[in-house]
Amino acid sequence: MLNALEVVTTVLVGLMVGVEFCVAFVVNRILGALPADYDQLGRAHGGRMLGALMPFWYIGSLVLAAVWAVAGWHHDGTGLVVTAAGLLILSVVMSLLLLVPINNRGKTWTPENRPEDWKEQMNRWDRWHYVRVAVIVAAFTLLVTALV
């Protein structure tokens with residue numbers, strides 16, 4: 001049973017890393033190459049869509065990593081899993097304090113009501129998102145390492 005938990009947790013975190021990596025290095029670059037109205041509309045839609053899904057994914061990943069750490073307490077690699085869970089906690093805290101407030105504003109914007117500094121706010125979101133991606137990549141790497 002522990003093996004199944006380890007694999008499910010690692011796959012779930014790996015998929016989350018893939019989605020967030022794609023947002024950072026593919027989707028936002030595609031949107032950024034579009035005229036401003038389309039860039040902003042695309043980001044607003046993405047904020048609504050992923051903003052509804054990602055909280056469950058982040059919290060679910062964290063819960064699974066915590067359960068793995070507790071269930072495998074006396075097994076090799078537990079320290080790696082605990083550290084990965086700590087990094088996932090950091091990613092949730094970063095999200096709540098730094099990224100979600102910007103996302104909540106941005107997902108309501110239209111070309112008619114967006115603030116003058118909307119690009120600066122999106123650039124701030126992007127910078128924090130790069131840091132968050134690095135954090136969850138590190139967590140994923142630790143989980144994979146704990147498997148071997």
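The axes of α2 and α3 come within 10 Å of each other and cross at roughly 155°, where an axis is a line fitted to C-alpha atoms, for helices over the stretch in contact, and angles run from 0 to 180 degrees between N-to-C directions. The crossing of α2 past α3 is left-handed, meaning that the near helix is turned anticlockwise from the far one by less than a right angle, with clockwise giving a right-handed crossing.

A word on the ground rules. This is a predicted model, in which local features need pLDDT of at least 70 and side-chain atom pairs count only at pLDDT 80 or more, while totals for chains, interfaces and linings use all residues. Residues are numbered from 1 along each chain as its sequence is written, and side-chain values use heavy atoms, with hydrogens and water left out.

Now the overall layout. The secondary structure comes to four helices and zero strands, both taken as DSSP runs numbered from the N terminus (helices are H or I with at least four residues, strands E with at least two). From the N terminus on, the elements simply run α-α-α-α. Taken along the principal axes, the C-alpha atoms fill a box of roughly 60 × 25 × 20 Å. Of the 148 residues, 37% count as buried, which is to say under 20% relative accessible area, with exposed set at over 50% and partly exposed in between (1.4 Å probe, protein chains only).

Back to the packing. Two packed helices are described by the angle between their axes and the distance between the axes. For α1 and α2, the angle is about 160° and the axes sit 9 Å apart. These two helices are therefore roughly antiparallel as well, and their crossing is left-handed. With α1 and α4, the axes come within 9 Å and cross at roughly 155°, so α1 and α4 are again roughly antiparallel. α1 passes α4 in a left-handed crossing.

What about the individual helices? Helix α2 covers residues 36-71, and its 36 residues reach 50 Å from first C-alpha to last, close to the 52 Å expected at 1.5 Å a residue; the expected span is 1.5 Å times one less than the number of residues. Even so, α2 has a kink of about 35° at G51, shortly before the proline P55. The bend at a residue is the angle between axes fitted to the seven residues ending there and the seven starting there. G51 itself is partly exposed, at a relative accessible area of 29%. From G51 to N3, 48 residues away in sequence, the C-alpha to C-alpha distance is 31 Å.

Helix α3 (residues 78-106) tells a similar story: its 29 residues should span 42 Å at 1.5 Å a residue, and the end C-alpha atoms are 39 Å apart, which agrees. There is a bend here too, of about 50° at L99, and the proline P101 follows within four residues. Also in α3 is V81, which counts as buried at 1% relative accessibility.

Rings of Phe, Tyr and Trp (its six-membered ring) pair if their centres lie within 6.5 Å, and a pair is stacked when the planes are under 30 degrees apart, edge-to-face when over 60 and tilted otherwise. By this rule the count comes to two aromatic pairs. F21 and F25 have ring centres 4.6 Å apart and planes at 40°, so this pair is tilted. Both lie in helix α1 (residues 2-32), four residues apart, and are therefore separated by about one helical turn. As background, an α-helix has 3.6 residues a turn, so residues three or four places apart point the same way. F21 is partly exposed at 43% relative accessibility, and F25 is also partly exposed, at 33%.

F25 also pairs with Y130, and this pair is stacked, at 5.3 Å centre to centre and 25° between the planes. The F25–Y130 pair links distant parts of the chain, with F25 in helix α1 and Y130 in helix α4 (residues 118-147), 105 residues apart. Y130 counts as partly exposed at 34% relative accessibility. Put together, the ring pairs link F21, F25 and Y130 into a cluster.

Conventions. Parallel < 35°, antiparallel > 145°, perpendicular 65-115°, else oblique.
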